[in-house]
Amino acid sequence: MVALSFRALTRGAAPRIKVVDIGANPIDSEPPYAGMLRAGEAEVVGFEPNRAALATLDARKGPLESYFPHAVGDGARHTLRICQAPGMTSLLEPDPAVLSLFHGFPEWGRVIATEEVDTVRLDDVPETAGADMLKLDIQGAELMVLRNAVARLADALVIQAEVEFLPLYKGQPLYGEMETFLAGHGFRLHRFFPTVSRAIQPMMVNNDPYAGMGQLVWADAVFIRDLTRLDALSDRQLLAMAAILHECYGSADVVFRLLGEHDARQGGALAGGYLQGMQQRAA
């Protein structure tokens with residue numbers, strides 16, 4: 001069954017959204033906004049200091065994508081710890097005591113080189129102004145970035161950020177600190193997308209060091225604007241937030257609520273058309 005796009009379900013009411021992707025390295029699967037980007041319904045401003053990953057992004061980018069080599073942070077100079085596994089390279093120092101709880105992590109998190117890097121504040125990069133969606137995956141420095149992006153948070157509608165439940169890096173802020181900070185800027189947790197667990201050593205599941213079991217380690221957390229304060233959003237923001245939640249996360253219930261608010265303001269019928277289309281698709 002082919003999923004109907006938000007644009008089709010709302011008869012073209014969707015605005016083009018703007019995404020800022022911090023840590024855009026295409027190391028795993030496609031980002032959640034990939035479908036919107038291919039359809040011309042999103043533009044992306046990405047940051048990736050890893051030279052090889054940046055070259056890959058630049059080689060395959062389309063007309064609605066631009067990528068910068070900056071390390072995003074607090075605007076200060078930091079030591080970048082380059083780890084044996086590129087996905088663990090971080091501005092923070094890996095914590096051997098925590099890594100030793102899990103299979104593979106002591107080796108993956110082994111620092112093989114260091115490099116001094118200058119960081120930029122997101123608020124100081126003009127190309128990021130007006131972002132509807134922020135996506136962050138930078139191995140423990142996510143909260144540092146957001147604390148230095150207050151102007152961008154004022155515009156953002158959806159934030160997807162990697163959060164940890166155990167400090168894989170020394171001094172790493174954990175999920176609770178992220179949730180508290182974002183709540184202070186008008187965001188609430190929407191969902192985890194997804195959660196990742198690992199088996200604690202010495203037990204291993206099916207001889208697979210990546211297999212999960214009891215211990216929750218990290219997740220991508222999706223935060224959205226507080227649904228009890230929709231009056232703070234413009235008509236365009238209601239539609240942009242609805243488009244992101246439909247296309248990236250399949251959150252039809254929230255989308256229906258947002259469209260209902262838009263209809264109440266404009267005397268429209270977007271919510272009814274959306275619900276009918278979704279019901280027909282499910283039939």
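Modeller: Before we start, this is a predicted model, in which local features need pLDDT of at least 70, side-chain atom pairs count only at pLDDT 80 or more, and totals for chains, interfaces and linings use all residues. Residues are numbered from 1 along each chain as its sequence is written, and side-chain values use heavy atoms, with hydrogens and water left out.

Colleague: Which element supplies the largest share of the lining of the largest cavity?

Modeller: A cavity here is a set of points, on a 1 Å grid over the protein atoms alone, where a 1.4 Å probe fits but cannot get out, and its lining residues have an atom within 4 Å of a point. Helix H6 (142-147) and strand S8 (158-164) each supply at least two lining residues, helices being DSSP runs (H or I) of at least four residues and strands (E) of at least two, numbered from the N terminus. The largest share, three residues, comes from S8.

Colleague: Is Glu-142 buried or exposed?

Modeller: Glu-142 belongs to helix H6 and is among the residues that line the largest cavity. Buried means under 20% relative accessible area, and exposed over 50% (1.4 Å probe, protein chains only). With a relative accessible area of 2%, Glu-142 is therefore buried.

Colleague: Which backbone nitrogen lies 2.8 Å from a polar atom of the side chain of Glu-142?

Modeller: A polar contact is a pair of N or O atoms within 3.5 Å; within protein, one must be able to donate a hydrogen and the other to accept it, and residues adjacent in sequence count only if both atoms are side-chain atoms. The backbone nitrogen of Gln-139 lies 3.3 Å from a polar atom of the Glu-142 side chain. At 2.8 Å, the backbone nitrogen is that of Ile-138.

Methods: On a 1 Å grid over the protein atoms alone, a cavity is a set of points where a 1.4 Å probe fits but cannot get out, and a pocket is an open set with protein on both sides within 12 Å along at least five of seven lines; lining residues have an atom within 4 Å of a point.
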